[in-house]
Amino acid sequence: MAEKQKILIVDDDPSISELISLYLNKERYDTKCVEDGEEALKAFESYKPDLILLDLMLPGMDGYQVCREIRSKSDTPVIMLSAKGEVFDKVLGLELGADDYMIKPFDSKELVARVKAVLRRSGGRKQKQDRDQVGDYVEYEDLIVNLTNYSVIYKGHTVDMPPKELELLYFLASSPNQVFTREQLLDHIWGYEYLGDTRTVDVHIKRLREKLQDNAKWAISTVWGIGYKFEVKR
C-alpha cells in the first residue's frame with residue numbers, strides 16, 4: 001500500500017484547521033495541525049510534510065516569515081490561506097515562494113483540488129530531479145551524492161561542497177555501515193603522499209555534518225577509537 005502523503009495545516013483557529021483536516025482525511029491524506037509559526041517550523045522538521053497549508057495571520061511569527069524560513073532550506077509546496085483578499089498580499093505571498101494562495105472562506109472541494117494540483121506539480125519536479133542523475137552516484141532518503149558531476153542534493157536542494165568533502169561523503173556512503181579509520185580515509189581521499197594528519201578527516205567530517213543533518217534512515221557516525229562510517233539504520 002502506498003504511503004499517505006502528509007499535509008501540515010498551520011492555522012490559529014482550531015475549528016478551521018480541524019475542518020480542513022477532515023476534508024483531507026476523507027481524501028486519504030495524513031494531516032497534522034499546529035496553531036502558530038514556531039510550532040509550524042518545529043513540525044516541518046519532525047513531521048516532514050509533503051505540503052503545507054499556511055495561514056498568514058498567526059500569533060507571533062506570521063505566515064510570511066514561516067514561508068521565508070521554509071523556503072531558505074526546502075522547496076516543499078506551500079499553499080497560503082488568508083482572510084485578506086488584497087492583490088498586494090497575494091503577490092507578496094507568491095514572491096516569497098508560495099505555490100498557491102486561497103482566500104477564506106473557501107469551498108472544500110476547491111481546497112482539495114488545489115492541494116492535488118500542487119502535489120502533482122511538485123511530484124513532477126521530484127521525478128525529473130531523480131531522472132537527471134547519471135553516472136556514479138549513491139542515493140538515500142533526502143540525499144543524492146553524484147561523483148560524476150560532483151553534485152550533492154539534500155532535501156531537494158543542491159548543497160555546495162569542495163571536492164574533497166564530496167569525495168569523502170561519496171566514499172563513506174558507497175560502503176554503508178563499513179567502518180573506516182582516519183588513516184584509511186586519508187589514503188583513499190587524499191592519497192599516500194598527503195602530508196597532513198588525521199585531524200584533516202575530522203575537520204571535513206565536521207563540515208559535512210554541518211551541511212547535512214542526520215536523517216531518520218542514515219547518519220555520518222563516529223566509531224569511537226577507530227574512525228567513521230555512513231550508518232544506514234534498519
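These notes cover charged side chains and cysteines in a predicted model.

1. Salt bridges overall. The count comes to 13 salt bridges. Side chains of opposite charge can pair when their charged atoms come close. The next points take up some of these pairs.

2. Lysine 104 and aspartate 11. These two side chains meet in a salt bridge, at 2.7 Å from N to O. The pair links distant parts of the chain, 93 residues apart. Lysine 104 sits in the loop between strand S5 (100-103) and helix H5 (108-131). Aspartate 11 sits in the loop between strand S1 (6-10) and H1. Buried or exposed? Lysine 104 has 18% relative accessibility, so it counts as buried, the cut-off being under 20%. Aspartate 11 is buried too, at 0%.

3. Glutamate 27 and lysine 116. Here the closest N and O atoms of the salt bridge are 3.1 Å apart. Glutamate 27 is partly exposed at 36%. Lysine 116 is also partly exposed, at 33%.

4. Glutamate 45 and lysine 155. This salt bridge has its closest N and O atoms 3.8 Å apart. Glutamate 45 is in helix H2 (residues 37-47), and lysine 155 is in the loop between strand S8 (151-154) and strand S9 (157-158). The pair therefore ties together parts that are 110 residues apart in sequence. Glutamate 45 has a relative accessible area of 27%, which makes it partly exposed. Lysine 155, at 25%, is partly exposed as well.

5. A negative patch. Which residues gather in a patch of negative charge on the surface? They are Asp12, Glu18, Glu35 and Glu39. Glutamate 18 belongs to helix H1 (residues 14-26). Its relative accessibility is 54%, so glutamate 18 counts as exposed, the cut-off being over 50%.

6. Cysteines. How many disulfides are there? The count comes to zero. Cysteine 33 is partly exposed, with a relative accessible area of 35%. Cysteine 67 is buried, at 1%.

Key. Residues are numbered from 1 along each chain as its sequence is written. This is a predicted model: local features need pLDDT of at least 70, side-chain atom pairs count only at pLDDT 80 or more; totals for chains, interfaces and linings use all residues. Side-chain values use heavy atoms; hydrogens and water are left out. Patches are made of residues with over 30% relative accessible area and no salt bridge: like charges are joined within 9 Å, nonpolar side chains (Val, Leu, Ile, Met, Phe, Trp, Tyr) within 5 Å. Accessible areas come from the Shrake-Rupley method with a 1.4 Å probe; for residues, only the protein chains shown count as cover. A salt bridge is a side-chain nitrogen of Lys or Arg within 4 Å of a carboxyl oxygen of Asp or Glu. Lys and Arg count as positive and Asp and Glu as negative; His and the chain ends are not counted. The place of a charge is taken as NZ of Lys, CZ of Arg, CG of Asp or CD of Glu. Helices (H or I, at least four residues) and strands (E, at least two) are DSSP runs, numbered from the N terminus. Buried means under 20% relative accessible area, exposed over 50%, partly exposed in between (1.4 Å probe, protein chains only). A disulfide is a pair of cysteine sulfur atoms within 2.5 Å.
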